[in-house]
Amino acid sequence: MSFVIWLTGMSGAGKTTVARGLAEALRARGVAKLEVLDGDAVRENLSKGLGFSKEDRDTNVARIAFVAQLLARNEVNVIVAAISPYAEARAAARERIGASFVEVHVDCSLPELVRRDVKGLYAKALAGDLAHFTGVSDPYEAPENPEIRVSSESQSAEQSVAMILAFLEARGEL
């Protein structure tokens with residue numbers, strides 16, 4: 001049975017970094033059938049033209065869930081790295097994907113996200129110059145009960161990857 005690791009968190013929290021590290025670790029363990037669905041790449045290729053309204057964000061998450069479910073159904077393991085800010089959309093993704101869905105909250109405080117933001121997007125959003133920015137001018141509904149919660153503020157990416165691997169091992173998926 002395949003798994004879908006769904007990394008959710010605010011912009012800059014480290015979802016892509018953890019996804020890349022996890023993919024590398026899984027491939028090193030012999031997991032050959034593996035795809036990474038990165039939110040930025042999906043938005044550019046599958047969801048081009050969508051904006052950042054709640055409806056458009058939910059549509060983007062639904063499209064990612066659809067692709068992840070198709071891959072998982074065909075025994076491909078999937079790592080999703082997408083902000084996916086709304087709990088309802090993540091719940092719908094979980095329902096579509098089923099028992100193979102593993103939600104991982106990549107947590108990081110707003111002050112730390114502002115500190116590490118090289119593009120200055122948080123500063124612009126906090127100044128009111130950037131609308132619909134998740135966690136500032138748009139909500140981010142943090143998962144209440146994810147299977148795994150990692151902190152990119154207090155853990156290295158390697159430690160986060162190790163937690164996810166340990167979870168998969170405990171479930172008998174590795």
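Histidine 105 is buried in this predicted model, because its relative accessible area is 3%, and a residue counts as buried when that value is under 20%. Its place is in strand S4, which covers residues 101-107.

In soluble globular proteins, nonpolar side chains tend to be buried together. Here the largest nonpolar core has 30 residues, and those with the most contacts inside it are Ile5, Leu7, Leu22, Leu26, Ile79, Val104 and Ile164. Two or more residues come to this core from each of the strands S1 (4-8), S3 (77-81), S4 and S5 (148-151), and from each of the helices H1 (15-28), H6 (121-126) and H7 (157-170). Helix H1 gives the most, with six residues. As for leucine 7, and again leaving out residues up to four places away in sequence, its contacts are Lys15, Val18, Ala19, Ile79, Val80, Ala81, Ala82, Val104, Val106 and Ile164. Apart from this core lies another, of 17 residues, which includes Trp6, Ala82, Tyr86 and Ala89.

Let me stay with helix H1 for a moment and turn to threonine 16, which lies in it. Threonine 16 is partly exposed, because its relative accessible area is 26%, and it touches Asp38 and Ala81, not counting residues up to four places away in sequence. From threonine 16 to arginine 57 there are 41 residues in sequence, and the two C-alpha atoms are 18 Å apart in space.

Arginine 57 is one of the buried residues of helix H3, and the others are Asp56, Asn60, Val61, Ile64, Ala65, Ala68, Gln69 and Ala72. These buried residues pack against strands S1, S2 (34-38) and S3, and against helices H2 (39-45) and H4 (87-97). How far apart are the end C-alpha atoms of helix H3? The helix has 20 residues, 54-73, and at 1.5 Å a residue it should span 28 Å; the end C-alpha atoms are 28 Å apart, so the two values agree.

After helix H3 comes glutamate 75, in the loop between H3 and S3. A second residue to look at is serine 84, in the loop between S3 and H4. Serine 84 is also not a glycine, and its phi is positive, near 40°. Is serine 84 buried or exposed? It is buried, because its relative accessible area is 3%.

Finally, the largest pocket has a volume of about 860 Å³. It is lined by 32 residues, and those nearest its centre are Ser11, Gly12, Lys15, Asp40 and Ile83. The elements that give two or more residues to this lining are helices H1, H2, H3, H5 (110-116) and H6. Which of them gives the largest share? That is helix H3, with four residues. By type, the lining divides into 14 nonpolar, 10 polar and eight charged residues.

Terms used: Residues are numbered from 1 along each chain as its sequence is written. This is a predicted model: local features need pLDDT of at least 70, side-chain atom pairs count only at pLDDT 80 or more; totals for chains, interfaces and linings use all residues. Side-chain values use heavy atoms; hydrogens and water are left out. Buried means under 20% relative accessible area, exposed over 50%, partly exposed in between (1.4 Å probe, protein chains only). A nonpolar core is a set of buried Ala, Val, Leu, Ile, Met, Phe, Trp, Tyr and Cys residues joined through side-chain atoms within 4.5 Å. Contact means heavy atoms within 4.5 Å. The expected span of a helix is 1.5 Å times one less than its number of residues. On a 1 Å grid over the protein atoms alone, a cavity is a set of points where a 1.4 Å probe fits but cannot get out, and a pocket is an open set with protein on both sides within 12 Å along at least five of seven lines; lining residues have an atom within 4 Å of a point. Grid points are joined across faces, edges and corners, and a volume is the space filled by probe spheres set on the points. Ala, Val, Leu, Ile, Met, Phe, Trp, Tyr, Cys and Pro count as nonpolar, Asp, Glu, Lys and Arg as charged, and the others, Gly among them, as polar.
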